[in-house]
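Hi,

Here is the structure I said I would pass on.

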Amino acid sequence: MRPEHSLDARYFDDVFTGDDDPWSLASSPYEAAKFDATIAAIDDRRYRSALEIGCAHGVLTARLAPLCDTLTSIDISLRAVELARSRCAALSNVTIIRCSFPAESPEGAFDLVMLSEVVYYWDDADIERAAAAIHASATPDCRIILVHWTGDTDYPQTGDAAVTKLRDRLGGVAVERAERKDAYRLDLWSLR
């Protein structure tokens with residue numbers, strides 16, 4: 001049975017207890033290939049100011065940073081933030097903060113918003129809040145990239161439902177790319 005509410009900081013802090021890489025983001029060939037596809041989808045331009053929501057311990061953050069003048073990466077888990085800061089310490093254009101998005105939003109105007117494996121942790125109300133927060137901080141040329149597992153989950157949403165609900169609540173997005181792989185989907189949108 002799916003949880004009725006968004007997963008909270010305690011859930012993610014527990015996930016990181018005793019395992020600094022609970023999803024094998026730094027060691028899995030599957031994750032490396034997924035990150036390659038993610039970066040390939042957006043590396044056709046440089047971004048002035050990007051927002052990465054749900055940075056975990058910073059593996060994708062380090063890959064994303066060279067495409068950005070500034071990159072703000074956030075996570076709900078304090079332990080994840082500590083690990084990401086350590087991994088990305090040499091990247092002067094990266095700021096990593098603990099933030100309980102969408103209840104809290106970092107300051108800034110962003111021309112790229114990255115949501116990798118995060119939207120399905122939210123209930124419908126938080127997806128609505130996330131859409132409002134993205135609109136409030138998006139520049140007119142903002143792109144939004146989402147990557148989500150499409151297998152079974154015990155989260156509030158499936159990967160497909162999460163992406164569909166966010167797209168519907170954002171309204172007016174142009175789909176630049178919609179790809180399905182064996183185990184995940186990659187969606188790239190631009191706001192109209």
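This is a predicted model: local features need pLDDT of at least 70, side-chain atom pairs count only at pLDDT 80 or more; totals for chains, interfaces and linings use all residues.

**Aromatic rings**

There are six aromatic pairs in total. The one I'd open up is Tyr120 with Tyr155: the ring centres sit 5.0 Å apart and the planes make an angle of 40 degrees, so this pair is classed as tilted. For stacked, the planes would have to be under 30 degrees apart, and for edge-to-face over 60.

What does the pair connect? Tyr120 belongs to the loop between β4 (110–116) and α5 (124–137), while Tyr155 belongs to the loop between β5 (138–149) and α6 (159–170), so the contact ties together parts that are 35 residues apart in sequence.

**Salt bridges**

Searching the whole structure gives 18 salt bridges. As you know, side chains of opposite charge can pair when their charged atoms come close.

Start with Arg143 and Asp44, whose side chains meet at 2.7 Å, N to O. Arg143 is in strand β5 and Asp44 in the loop between α2 (29–42) and β1 (47–53), so this bridge ties together parts that are 99 residues apart in sequence. And which end is buried, which exposed? Arg143 has 2% relative accessibility, which makes it buried, whereas Asp44 is exposed at 53%.

Asp160 meets Arg180 in a salt bridge of 2.8 Å, N to O. Here Arg180 comes from strand β6 (residues 173–180) and Asp160 from helix α6, 20 residues apart, so distant parts of the chain are linked. Arg180 is exposed, with 52% relative accessibility, and Asp160 is partly exposed at 27%.

Asp160 also forms a salt bridge with Arg185, again at 2.8 Å, N to O. Arg185 lies in strand β7 (residues 184–191) and Asp160 in helix α6, so this one ties together parts that are 25 residues apart in sequence. Arg185 is buried, at 11% relative accessibility. Through shared partners, salt bridges join Asp160, Arg180, Arg185 and Asp187 into one network.

**Helix α4**

Next, α4 (residues 78–87). Its buried residues are Ala80, Val81, Leu83 and Ala84. Around the helix axis they cover an arc of only 165 degrees, which means they are on the same side of α4. What do they pack against? The buried residues of α4 are up against α1 (9–16), β2 (68–75) and β3 (94–98).

If you look at the start of α4, you'll also see a side-chain oxygen of Ser77 that comes to within 3.4 Å of the backbone nitrogen of Arg79.

For context, most residues other than glycine have a negative phi, and most peptide bonds are trans.

- The Phe101 to Pro102 peptide bond is cis, with omega near 10 degrees. Pro102 is in the loop between β3 and β4.
- Ala56 has a positive phi, near 50 degrees, and is not a glycine. You'll find Ala56 in the loop between β1 and α3 (59–64), where it is buried at 8% relative accessible area.
- Glu117 has a positive phi as well, near 60 degrees, and again this is a residue other than glycine. Glu117 is in the loop between β4 and α5 and counts as buried, at 16% relative accessibility.

Cheers

Technical notes: Residues are numbered from 1 along each chain as its sequence is written. Side-chain values use heavy atoms; hydrogens and water are left out. Rings of Phe, Tyr and Trp (its six-membered ring) pair if their centres lie within 6.5 Å; planes under 30 degrees apart count as stacked, over 60 as edge-to-face and the rest as tilted. Helices (H or I, at least four residues) and strands (E, at least two) are DSSP runs, numbered from the N terminus. A salt bridge is a side-chain nitrogen of Lys or Arg within 4 Å of a carboxyl oxygen of Asp or Glu. Buried means under 20% relative accessible area, exposed over 50%, partly exposed in between (1.4 Å probe, protein chains only). The arc is that of the directions from the helix axis to the C-beta atoms. Contact means heavy atoms within 4.5 Å. A polar contact is a pair of N or O atoms within 3.5 Å; within protein, one must be able to donate a hydrogen and the other to accept it, and residues adjacent in sequence count only if both atoms are side-chain atoms.
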